[in-house]
Amino acid sequence: IADRREGIGVCGWILVSLSFLLVLITFPISIWACIKVVKEYERAVVFRLGRILSKKAKGPGLVLILPCTDTFLKVDLRTVTCKIPPQEILTKDAVTTQVDGVVYYRIHSAVSAVANVTDVHSATFLLAQTTLRNVLGTQSLAQLLSGREEIAHSIQAILDSATEQWGIKVARVEIKDVRIPVAMQRAMAAEAEAAREARAKVVAAKGEMNASKALTQASMVLGESPAGLQLRYLQTLTTLAAENNSTIVFPLPINMFESLRQKKRGE
C-alpha cells in the first residue's frame, strides 16, 4: 500500500485548494490547527484524502497539515519489550514444560507499520507466541535446557523475517524460564545422583588399583633389602609412639621372624 503512486485526482486537488484557501482566510488562528509537533523518537504518517502523503514518514520537528483534508498518525520508534506469558509445550521427547520469554523489537518503517497491518504490536505479540511454541516443539528437553541461546537466535531469525513487511525489526529474543514437572525433576535428580555415584565408584576403584601397584613395588624393594625392611619397621614404631594413644608396642627383632619362618619351612 505504501508503494502506490496514484494521484488524488481533480476532485482531490479542488478539495485541497479549498482547504488551503480556508487556512489563508482564517490565518493566524488556523495555524494552531495546521502545525503539529513530532518528538525525536516519533514519526508522523500523514494521510491526504485517505492516501499516504509520501513514502517516508515525517518528523521529527514541526509538521504542517491541512485541517480539512489531512490526518496524521504518530508512530513510536522506541524499542518495545514484549513479554511472552508461560506457554505449555510438549517437547520432542514427549515432556510437558512451561516456557516463557521476552522479545525486544522496534519499528523501523512507520509507513509499513501503519499501512500493512491493523495493529502491529498485537500481531507481533501473537506471532512471537506461536513461533515460540512451534520452535520449542521440535526440540528435546536436553536441547531445550542446554541450547537456549541457539534456540533464541532461531526464533529471532524467524520473527525478523516474518515481520519485515510490517516494518518491524526484532532486536533480541530471550528465553526466561523453563519449568519442568515435579515428577520429572525428581527423576532427573535421581539420574544425576546415580551418575555421580557411578563416577565415584570408578574413581575409588582406580585409586585402589594404583595403591595395590604401589604396594607391590614397595614389597619388591623391601624384599631385596632386609636392612630396608628393618628401617621401615623402626619408622612405623616411631610414628605410633608420637601419637597419644594407649597402644602398647613390643618391638621384636626381625631376625626372630626370619628364624621362625625357616623352622616352619623345615617342618
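Predicted model: local features only at pLDDT ≥ 70, side-chain atom pairs only at ≥ 80, totals over all residues.
I count a residue as buried when its relative accessible area is under 20%.

**Overall look**

I went through the secondary structure and found nine helices and eight strands. Next I checked the surface. The accessible surface comes to about 18,300 Å², and carbon and sulfur atoms hold 60% of that. I also looked up how far apart in sequence the contacting residues are. Of the contacts with a separation of 6 or more, 68% are between residues 24 or more positions apart.

Which order do the strands take in the open sheet of three? I read it as β3-β2-β5, with antiparallel pairing. The edge strands are β3 (51–52) and β5 (70–76), each pairing on one side only. I then zoomed in on β2, residues 42–48, and saw that β2 and β3 pair in the antiparallel sense over two bridges. Arg 48 has Arg 51 in β3 as its bridge partner.

**Gln 87**

I picked Gln 87 next, which sits in strand β6, residues 80–90. Is Gln 87 buried or exposed? Its relative accessible area is 10%, so Gln 87 is buried. I looked for what surrounds Gln 87, skipping neighbours within four places in sequence, and got Thr 97, Gln 98, Val 99, Gln 129, Leu 132 and Arg 133 as contacts. With Arg 133 there is also a polar contact between the side chains, at 3.4 Å.

**Asp 160**

Asp 160 is in helix α6, which runs over residues 148–162. I get a relative accessible area of 17% for Asp 160, and because that is under the 20% cut-off, Asp 160 counts as buried. Not counting residues up to four places away in sequence, Asp 160 touches Ile 168, Lys 169 and Val 170.

**Salt bridges**

How many salt bridges does the structure hold? I found five, and I made notes on some of them.

- Arg 78 and Asp 76 form one, with the closest N and O atoms 2.8 Å apart. Arg 78 is partly exposed at 44% relative accessibility, and Asp 76 is partly exposed at 30%.
- Arg 172 and Glu 174 form another, with the closest N and O atoms 2.6 Å apart. Arg 172 is partly exposed at 48%, and Glu 174 is partly exposed at 31%.
- Asp 177 and Arg 179 meet through their side chains at 3.4 Å, N to O. Asp 177 is partly exposed at 31%, and Arg 179 is partly exposed at 43%.

Definitions and conventions:
Residues numbered from 1 in each chain as written. Heavy atoms only, no water. Helix = DSSP H or I, 4+ residues; strand = E, 2+ residues; numbered from the N terminus. Buried < 20%, exposed > 50% of the residue type's maximum accessible area, 1.4 Å probe, protein only. Polar contact = N/O pair within 3.5 Å; in protein donor to acceptor, adjacent residues only side chain to side chain. Contact = heavy atoms within 4.5 Å. Pairing = 2+ DSSP bridges. Areas by Shrake-Rupley, 256 points an atom, 1.4 Å probe, with all protein chains shown as cover. Salt bridge = Lys/Arg side-chain N within 4 Å of Asp/Glu carboxyl O.
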